[in-house]
Amino acid sequence: MSFPQHRPRRLRTTPAMRRLTAEYRLDPAELILPAFVREGITEPNPLTSMPGVVQHTLDSLKKAAAEAVDLGVGGIMLFGIPAERDAVGSAGTDPHGILNRGIRAVRDEVGDDLVIMSDVCLDEFTDHGHCGVLDGNGVVDNDATLEIYGRMAVEQARAGAHVLGPSGMMDGQIAVIRQALETAGYKDVALFAYAAKYASAFYGPFREAVDSQLKGDRRTYQMDAANRREAILEVELDLEEGADMVMVKPAMSYLDVLADVAAMSPVPVGAYQISGEYAMIEAAAANGWIDRRRAIEESVLGIKRAGANMILTYWATELAAWLKESK
Ligand code: PBG
């Protein structure tokens, strides 16, 4: 081939050329920082399995939210860790429960400058660690759980969340929560449906993060890793029920699912780069086996390329700082 018409390497010759011809670039505005707030601690509590991530006090949570705003991060997703747990997750519906206090604290601190999202799920609040209440046989009772989600959602809206993230994978949860919000007068609070959420081994470090009491697994309500088509059904159901945004979770082992959902969804699509994905890269980097910053950027760019409009990542603030310095 003496006169090839195409030599793709022409567009790779210099950093400026590569920057100009890049098909995708990351933007802090599309990043969402997941954050944990724990009741009854006076100092932030570092997580062993997620180096760099902490359980926040109300105070340190406010600081993290303010820092995210300064760096242009798009949103924050809040999870609460209560001091007391019971079979029905009472701390989740308590207006003064730790998650609702966390939402209020962040809303006081940043107002509308950051989209404040909160987790609507019972696993952080139940003494058995499941995402819903149990029936007589120890199985998660779908419809009894929905009623509690409705009450949790209203309290989170009252506390000042802009967006609620129902993550429990109960059938019908979006419809019930939407109805509860309408009835209570919170018509502008949006729902970010964890539509295609898979039962994943990569949630491991999150269990430490929320001090989870779970024994067993979530396979009767979260999706099976073997299924791709089913994700479309889950998204369609959530859209019919009134989801304003939909999510695929985890991200890196489900990029095919993310691409499928991105191709069909008429609403914004998010992907959650979860605790285990974070932990793997941090652990490999700590061992000197991979270049930390390049691996982080590459992993998040891959999620964007697969079709995510919004990316939940524990690196949101750090990534935003890198993006700012490289401008
Ligand atoms: C459930 C919930 C989980 C995560 C977010 N919401 C845990 C689970 O489903 O087992 C995991 C997030 C992560 O691993 O980073 N409330």
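Please keep in mind that the model is predicted.

Let's start in the middle. In soluble globular proteins, nonpolar side chains tend to be buried together. Here, the largest nonpolar core has 101 residues. Phe36, Ile76, Leu78, Tyr149, Leu164 and Phe192 have the most contacts inside that core. Take Leu164 and look beyond its neighbours within four places in sequence: the contacts of Leu164 include Ser118, Val120, Ala153, Gln156 and Ile177, and also Leu181, Val189 and Phe192.

Now to helix α4, residues 98–110. How far apart are its end C-alpha atoms? They are 18 Å apart, which agrees with the 18 Å that 13 residues should span at 1.5 Å a residue. The buried residues of α4 are Ile98, Leu99, Asn100, Gly102, Ile103, Ala105, Val106 and Val110. And what covers them? The cover includes the strands β1 (31–38), β4 (75–81) and β5 (115–120), along with the helices α2 (58–70), α3 (90–93) and α5 (142–159). Just after α4 comes Gly111, with a positive phi of about 60°.

On the α5 side, the contact is made by Leu146, Tyr149, Gly150, Ala153, Val154 and Ala157. From α6 come Gln173, Val176, Ile177, Ala180, Leu181 and Ala184.

Next, the backbone. Most residues other than glycine have a negative phi, and most peptide bonds are trans. Met169, in the loop between β6 (163–166) and α6, has a positive phi near 60°. Asp211, in the loop between α7 (204–209) and α8 (229–241), also has a positive phi, near 55°. Are these two buried or exposed? Met169 counts as buried because its relative accessibility is 6%, under the 20% cut-off, while Asp211 is partly exposed at 30%. Then there is the peptide bond from Lys249 to Pro250, which is cis, with omega near -10°. Pro250 sits in the loop between β8 (245–249) and α9 (255–264).

One last stop: Ser275, in helix α10, residues 275–286. With 1% relative accessibility, Ser275 counts as buried. Leaving out residues up to four places away in sequence, Ser275 touches Met50, Phe202, Tyr203, Gly204, Pro205, Phe206 and Tyr314.

How values were computed:
Residues are numbered from 1 along each chain as its sequence is written. This is a predicted model: local features need pLDDT of at least 70, side-chain atom pairs count only at pLDDT 80 or more; totals for chains, interfaces and linings use all residues. Side-chain values use heavy atoms; hydrogens and water are left out. A nonpolar core is a set of buried Ala, Val, Leu, Ile, Met, Phe, Trp, Tyr and Cys residues joined through side-chain atoms within 4.5 Å. Buried means under 20% relative accessible area, exposed over 50%, partly exposed in between (1.4 Å probe, protein chains only). Contact means heavy atoms within 4.5 Å. Helices (H or I, at least four residues) and strands (E, at least two) are DSSP runs, numbered from the N terminus. The expected span of a helix is 1.5 Å times one less than its number of residues.
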